[in-house]
Amino acid sequence: MLSMIKSLLGGPGSEDKRYERRKLLFLTLAFFFVICSYTVVQGLKDSVFMSIVGREYQPWAKLMSLFVLIPAILLYSKLVDNIRRYQLLALYCFAFGVMGLIFSFLIGHPVLGIGNTDTSPYRIFGWIFYFFVEGYSPFVVSVMWAFANSVNSP
């Protein structure tokens with residue numbers, strides 16, 4: 001295993017090949033972490049929403065997510081025009097990481113989170129968490145792919 005890692009990072013060949021191997025390794029690790037975190041929150045999205053807001057409001061949440069994400073898409077379009085891809089990736093990863101930490105704390109909260117067993121459409125935390133998870137794929141995953149495509153040749 002160690003020899004395989006050494007060959008990836010500094011095996012025989014030109015300096016360009018070693019650079020490409022390192023770049024591929026780091027992009028693979030970054031993509032792995034992005035997809036792992038997405039898989040975890042995607043699995044929690046519906047169960048958290050149903051336990052906080054209620055099962056009967058899930059179709060409304062799916063419909064409303066289309067309209068809630070429109071301002072986020074407009075902001076994303078503005079950011080794409082004004083900053084570089086690596087800055088955009090860093091910004092979205094940082095923002096979604098901080099929000100994810102806040103949500104992970106609030107999910108365990110006895111009043112706001114799933115500790116409170118009363119379901120209600122007025123529990124805003126469930127709606128915001130649902131929209132947060134719905135925004136992860138179009139923003140973080142797509143920005144990761146755009147960045148990976150921009151730094152690699154076909």
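Reader: What counts as buried, partly exposed or exposed here?
Author: Buried means under 20% relative accessible area, exposed over 50%, partly exposed in between (1.4 Å probe, protein chains only). This is a predicted model: local features need pLDDT of at least 70, side-chain atom pairs count only at pLDDT 80 or more, and totals for chains, interfaces and linings use all residues. Residues are numbered from 1 along each chain as its sequence is written, and side-chain values use heavy atoms, leaving out hydrogens and water.

Reader: Phenylalanine 103, buried or exposed?
Author: Buried, with phenylalanine 103 at a relative accessible area of 8%. Phenylalanine 129 is buried too, at 2%.

Reader: How many aromatic pairs does the structure hold?
Author: It holds 19. A pair means Phe, Tyr or Trp rings (six-membered ring for Trp) with centres within 6.5 Å; planes under 30 degrees apart are stacked, over 60 edge-to-face, the rest tilted. Phenylalanine 103 and phenylalanine 129 pair edge-to-face, at 5.4 Å centre to centre and 75 degrees between the planes.

Reader: Which helices hold phenylalanine 103 and phenylalanine 129?
Author: Phenylalanine 103 sits in α4 (residues 85–107) and phenylalanine 129 in α5 (residues 124–151), so the pair ties together parts 26 residues apart in sequence. Helices are DSSP runs (H or I, at least four residues), numbered from the N terminus.

Reader: New topic. Which residues touch the most other members of the largest nonpolar core?
Author: Tyr92, Phe96 and Phe129, out of 33 residues. Such a core is a set of buried Ala, Val, Leu, Ile, Met, Phe, Trp, Tyr and Cys residues joined through side-chain atoms within 4.5 Å.

Reader: Which element gives the most to this core?
Author: α5, with 15 residues.

How values were computed:
Helix = DSSP H or I, 4+ residues; strand = E, 2+ residues; numbered from the N terminus.
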